[in-house]
Amino acid sequence: MSETKEFKAESKRLLEMMINSIYTHKEIFLRELISNASDAMDKLYFKSMSDNSAEAVTRSDMEIKIESDKDARRLTISDNGIGMTAEELENNLGTIAQSGSFAFKKENENNEKTGDVDIIGQFGVGFYSAFMVAKRVTVISKAFGSDKAFMWQSEGVDGYTISEAEKDSHGTVISLEIKDNTEEENYDEFLTPYKIKELVRKYSDYIRYPIKMDVEHERLKEGTGVDGVDPEYEKEVVAETLNSMIPIWKKSKSELKDEDYNQFYKDKFYDYTDPLLHIHSRTEGTATYSALLYIPEKAPYDYYSKSFEKGLQLYSSGVMIMEKCGDLLPDYFSFVKGLVDSEDLSLNISREMLQHDRQLKVIAKSIEKSVKNELKKLQKNDREKYEKFFETFGTQIKYGIYESYGTNKAELQDLLMFKTSNGGMTTLEEYVSRMKEDQQFIYFASGSSVSRIESLPQTELVRDKGFEILYLTDHVDEFCLQMMHDLDGKEYKSVSADDLGLESEEEKQEIQKEQEDNQSLFDFMTEKLAGKVKAVKLSQRLKNHPVCITSEGALSVEMEKVLSAMPNGEGAKAQKVLEINPNHPIFAKLKSLYESDKDKAGDYADILYSQALLIEGMPIEDPVGFSNKICEFLAE
Ligand code: ADP
């Protein structure tokens with residue numbers, strides 16, 4: 001029996017972490033071992049190329065084999081790669097490589113919470129992850145070109161032994177004695193072919209060497225099941241290749257049909273519906289990567305909830321290193337699904353390090369650009385599809401502008417679409433191209449639906465002029481336009497805004513005079529509606545309707561509606577103005593009541609205000625009082 005050696009201090013700590021891991025994704029151990037096997041074969045291949053070894057090595061002979069023996073609780077992963085000498089076993093498995101993830105762990109070892117889960121979950125830490133599922137690990141390896149084989153064995157922190165062993169050919173066999181089930185953990189499943197297949201497909205599908213496993217099938221015994229003979233079954237063992245080996249994103253576009261892309265999307269991202277769009281690209285230069293991106297047709301059920309997590313799968317040379325890398329997508333493109341595969345990233349890199357990785361940032365920028373370009377193309381070439389996309393995910397893009405206080409405007413504004421008084425939807429550019437010669441502003445009106453907006457009294461004047469109006473029906477629309485301020489110098493203007501820039505000087509002066517002549521009436525009404533409106537005044541914009549509500553200041557009535565529907569948003573109040581149409585008979589009536597019956601004039605003020613609120617789609621403060629007053633007047 002050979003002597004037991006101690007692990008180096010750092011290895012011991014990592015090992016302890018693995019053995020006691022409560023991490024839920026213990027399954028990644030298989031990915032780690034398979035990656036090591038694949039690397040070992042790569043190394044052999046390159047060695048034979050550069051050495052001109054007599055013993056030619058061909059890639060097609062290389063394979064990874066998985067065997068599972070349920071009774072012995074043994075899972076074996078073998079490769080015919082470069083193998084390890086006794087010294088290499090000692091150096092490689094007795095000491096943890098100074099991989100990025102471990103360096104990170106060292107920095108953070110005082111903070112238990114950031115340790116375990118993040119590192120193991122996102123990146124794994126190589127060979128030692130086997131100890132998450134195994135109580136004993138045995139490695140038998142024979143280095144290429146050597147005639148001796150050695151065995152490394154360990155049951156964990158106590159240390160390891162290295163002794164001579166028997167093995168016919170070069171390569172490495174790793175045997176895991178799988179832990180017994182506990183109340184919380186079902187370790188048995190790592191021995192079932194079903195689970196193993198699933199894990200290989202999930203994490204290692206694109207390893208370029210075949211990963212083979214003998215799988216038992218039942219087949220109909222020859223001569224049975226026909227001519228009235230009862231069917232009999234017999235067992236048959238078939239060596240199955242579990243991985244598909246060539247990543248779809250590494251294939252050339254010409255080899256692939258839409259169906260291939262769609263099928264891959266559905267399998268990989270668990271969607272029932274074909275995606276709306278796929279973007280397949282290979283980029284070389286400052287960042288070298290392949291990307292396969294998808295825009296789903298429907299938003300995931302949790303898309304607008306907190307639990308939704310954006311991100312792309314991240315691969316390093318065909319091996320998945322992260323299931324959801326959020327840093328690859330800006331929030332406003334969080335709907336994009338897909339993956340990125342880059343040779344520039346190392347396999348064992350921690351999430352925290354990745355965040356600061358320059359390469360990753362370059363890739364993220366480049367992805368953002370390509371998503372935007374594809375969306376622009378779609379907008380131009382397949383309008384129907386684009387509008388469908390925008391209906392589903394447009395809100396997210398508008399939030400992108402709003403939340404950045406407009407700094408993303410240049411990148412995003414040409415992706416925006418709004419409903420319009422012209423019918424259908426329009427881009428801002430199209431709107432501007434249709435603007436009349438004497439039109440200064442880009443007009444908009446807000447409301448919960450197109451039909452509601454169309455009936456808004458405030459739209460009368462703008463419409464009369466024959467100017468187009470953007471219909472803002474999405475909560476975030478007005479906030480977004482406010483942040484954008486203008487398009488190439490053309491300001492956005494609400495139809496409820498103070499100065500629409502439409503009235504002639506004459507008209508303005510006329511109304512101004514009328515206003516001044518009746519100032520005491522307006523003061524009286526303003527006082528009557530104290531706390532509700534900031535002012536009551538004559539309207540320049542109303543043509544047929546009696547009253548409407550507009551606002552002064554940055555917060556519009558529509559914005560108040562949105563904010564007050566949000567938690568803690570009750571305090572947000574627009575500075576409302578009640579506007580009265582000077583040409584409507586109600587104004588004449590108000591004037592005469594103000595002279596003859598002030599109480600009644602006060603009631604009128606209340607009713608008109610409530611009506612204006614109703615038109616605006618706002619709740620009235622005292623619906624019962626309002627209705628009783630109306631009935632009173634009806635009964636007169
Ligand atoms: P990493 O793969 O990040 O270097 P690991 O802990 O997974 O870290 O492995 C440590 C080292 O052990 C590897 O770098 C490699 O040299 C060696 N090794 C692991 N598995 C094998 C294998 N199947 N064949 C040959 N060498 C291996």
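Leu 293 sits in strand β10, where helices (H or I, at least four residues) and strands (E, at least two) are DSSP runs, numbered from the N terminus. Its relative accessible area is 1%, so Leu 293 counts as buried. Buried means under 20% relative accessible area, exposed over 50%, and partly exposed in between (1.4 Å probe, protein chains only). The model is predicted: local features need pLDDT of at least 70, side-chain atom pairs count only at pLDDT 80 or more, and totals for chains, interfaces and linings use all residues. Residues are numbered from 1 along each chain as its sequence is written, and side-chain values use heavy atoms, with hydrogens and water left out.

Contact means heavy atoms within 4.5 Å. Leaving aside neighbours within four places in sequence, Leu 293 is in contact with residues including Leu 277, His 278, Ile 279, Leu 312, Val 336 and Ile 367. Leu 277 is 16 residues away along the chain, and the two C-alpha atoms are separated by 8.3 Å.

**Nonpolar cores**

A nonpolar core is a set of buried Ala, Val, Leu, Ile, Met, Phe, Trp, Tyr and Cys residues joined through side-chain atoms within 4.5 Å. The largest one has 68 residues, and Leu 328, Phe 333, Ile 367 and Phe 389 touch the most other members. Helix α9 (residues 358-381) gives the most to this core, with seven residues. Ile 367 touches Tyr 289, Leu 293, Leu 312, Leu 328, Leu 329 and Val 340, not counting residues up to four places away in sequence. Another core, of 67 residues, lies apart from it; Tyr 128, Ile 178, Val 200 and Phe 264 are among its members.

**Helix α7**

Phe 264 is also one of the buried residues of α7, with Tyr 261, Asn 262, Tyr 265, Lys 268 and Phe 269. Seen down the axis of α7, these buried residues fall within an arc of 160°, so they line one face of the helix. The arc is that of the directions from the helix axis to the C-beta atoms. The face turned away from the buried side carries the exposed residues Glu 259 and Asp 267. What covers the buried residues of α7 includes α6, β9 (277-283), β10 (289-295), β11 (312-316) and β13 (337-342).

Does the length of α7 agree or disagree with what its residue count predicts? The helix has 12 residues (258-269) and should span 16 Å at 1.5 Å a residue; its end C-alpha atoms are 16 Å apart, which agrees. The expected span is 1.5 Å times one less than the number of residues. Tyr 270 follows α7, and its phi is positive, near 50°.

**Salt bridges**

The structure holds 48 salt bridges. A salt bridge is a side-chain nitrogen of Lys or Arg within 4 Å of a carboxyl oxygen of Asp or Glu.

Lys 5 is partly exposed, at 27% relative accessibility.

Lys 202 lies in helix α6 (residues 193-203) and Glu 27 in the loop between α1 and α2 (28-51), so the pair ties together parts that are 175 residues apart in sequence. Lys 202 is partly exposed, at 26%, whereas Glu 27 is buried, at 10%.

Asp 477 is in helix α15 (residues 477-484) and Lys 398 in helix α10 (residues 383-403), 79 residues apart. Asp 477 is buried, with a relative accessible area of 2%. Lys 398 is buried too, at 5%.

Shared partners join Glu 27, Glu 189, Lys 195, Glu 198 and Lys 202 into one salt-bridge network.

**Cysteines and a loop residue**

The structure holds zero disulfides, a disulfide being a pair of cysteine sulfur atoms within 2.5 Å. Cys 480 is buried, with a relative accessible area of 0%. Cys 548 is buried as well, at 2%.

Asn 408 is found in the loop between α10 and α11 (409-412). At 16% relative accessible area, Asn 408 is buried. Asn 408 touches Tyr 332 and Gly 400, not counting residues up to four places away in sequence.
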